[in-house]
Amino acid sequence: MATNRTFTMIKPDAVENGHIGAILEKITAAGFKIVAMKYTQLSRRDAEEFYAIHSERPFFGELVEFMTRGPIVAAILEKDNAVEDFRALIGATNPEEAAEGTIRKLFATSIGENAVHGSDSDENAAIEGAFHFSGREVF
Ligand code: CMP
């Protein structure tokens with residue numbers, strides 16, 4: 001059964017380009033409630049652990065460099081069918097393939113620097129949320 005929470009990060013490119021406010025507006029306008037949120041920066045170790053599933057991919061080094069180069073906004077979002085609905089809201093990984101009006105179409109610059117993260121399953125949403133937040137930081 002689908003759970004009602006997903007995990008997101010506004011990535012360093014979108015933060016650098018001044019898009020935090022516009023992205024949060026899109027997220028809340030789409031009906032997601034923010035139940036946890038922080039402005040933080042990933043260490044190299046954090047990024048290597050968070051993206052361990054991609055460690056054998058050719059872009060892994062680039063991904064870790066990118067995700068650690070500046071601050072991010074991490075958040076847990078709540079809505080019915082959260083994982084699937086949020087992936088629809090952000091659009092395809094590659095912004096060139098993302099649908100019109102999606103967050104990546106609007107704010108991402110490339111497949112690597114793609115503005116936002118969205119969990120790909122309920123299981124990963126729970127793991128990723130717990131990676132960034134303790135129980136008393138979730139409301
Ligand atoms: P995301 O889906 O949030 O998590 C994995 C990330 O790896 C993805 O976003 C991109 O930022 C990055 N990524 C995926 N494919 C590529 C690629 N072909 N080249 C560079 N980075 C990629």
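So, Asn17: you'll find Asn17 in the loop between α1 and α2, where helices (H or I, at least four residues) and strands (E, at least two) are DSSP runs numbered from the N terminus. Asn17 is partly exposed, with a relative accessible area of 43%. For that label, buried means under 20% relative accessible area, exposed over 50%, and partly exposed in between, using a 1.4 Å probe and protein chains only. Asn17 and Phe107 sit 90 residues apart in sequence, yet 8.7 Å apart in space, C-alpha to C-alpha.

Quick housekeeping. What we're looking at is a predicted model, where local features need pLDDT of at least 70 and side-chain atom pairs count only at pLDDT 80 or more, while totals for chains, interfaces and linings use all residues. Residues are numbered from 1 along each chain as its sequence is written, and side-chain values use heavy atoms, with hydrogens and water left out.

Okay, on to the sheet. What order do the strands come in? It's an open sheet of 4 strands, ordered β2-β3-β1-β4, with antiparallel pairing; two strands pair if DSSP finds at least two bridges between them. The edge strands are β2 (33–40) and β4, each pairing on one side only. Neighbouring strands are turned by 15° against each other on average, direction ignored. For angles here, axes are lines fitted to C-alpha atoms, for helices over the stretch in contact, and the values run from 0 to 180 degrees between N-to-C directions.

Helix α2 (residues 20–29) packs on this sheet and touches β1, β2, β3 and β4, its direction making about 165° with that of β2. Then there's helix α7 (residues 122–132), lying across β1, β2, β3 and β4 and running at about 55° to β1.

Let's zoom in on β1. It is joined to β3 (residues 72–78) by 6 bridges, and the two run antiparallel. Met9 has Ala74 as its bridge partner in β3, and Ile10 has Val73. Over towards β4 there are 3 bridges, again antiparallel, and there Met9 stands opposite His117. Of the 6 residues of β1, 5 are buried, so this strand is largely enclosed by the rest of the structure.

Helix α4 (residues 60–68) has buried residues too: Phe60, Leu63, Val64, Phe66, Met67 and Thr68. Those pack against β1, α1, α3 (44–50) and β3.

Why does Lys11 count as buried? Because its relative accessibility is 5%. Leaving aside neighbours within four places in sequence, Lys11 is in contact (heavy atoms within 4.5 Å) with residues including Tyr51, Phe66, Met67 and Asn114. The side chains of Lys11 and Asn114 make a polar contact at 2.7 Å. That term means a pair of N or O atoms within 3.5 Å; within protein, one must be able to donate a hydrogen and the other to accept it, and residues adjacent in sequence count only if both atoms are side-chain atoms.

Asn114 itself lies in the loop between α6 (103–107) and β4 (116–118), and at 3% relative accessibility Asn114 is buried as well.

Last bit: the record. An unreviewed UniProt entry lists Lys11, Phe59, Arg87, Thr93, Arg104 and Asn114 under "binding site". UniProt positions are in the numbering used here, feature names are shortened, and annotations may be inferred rather than shown by experiment.
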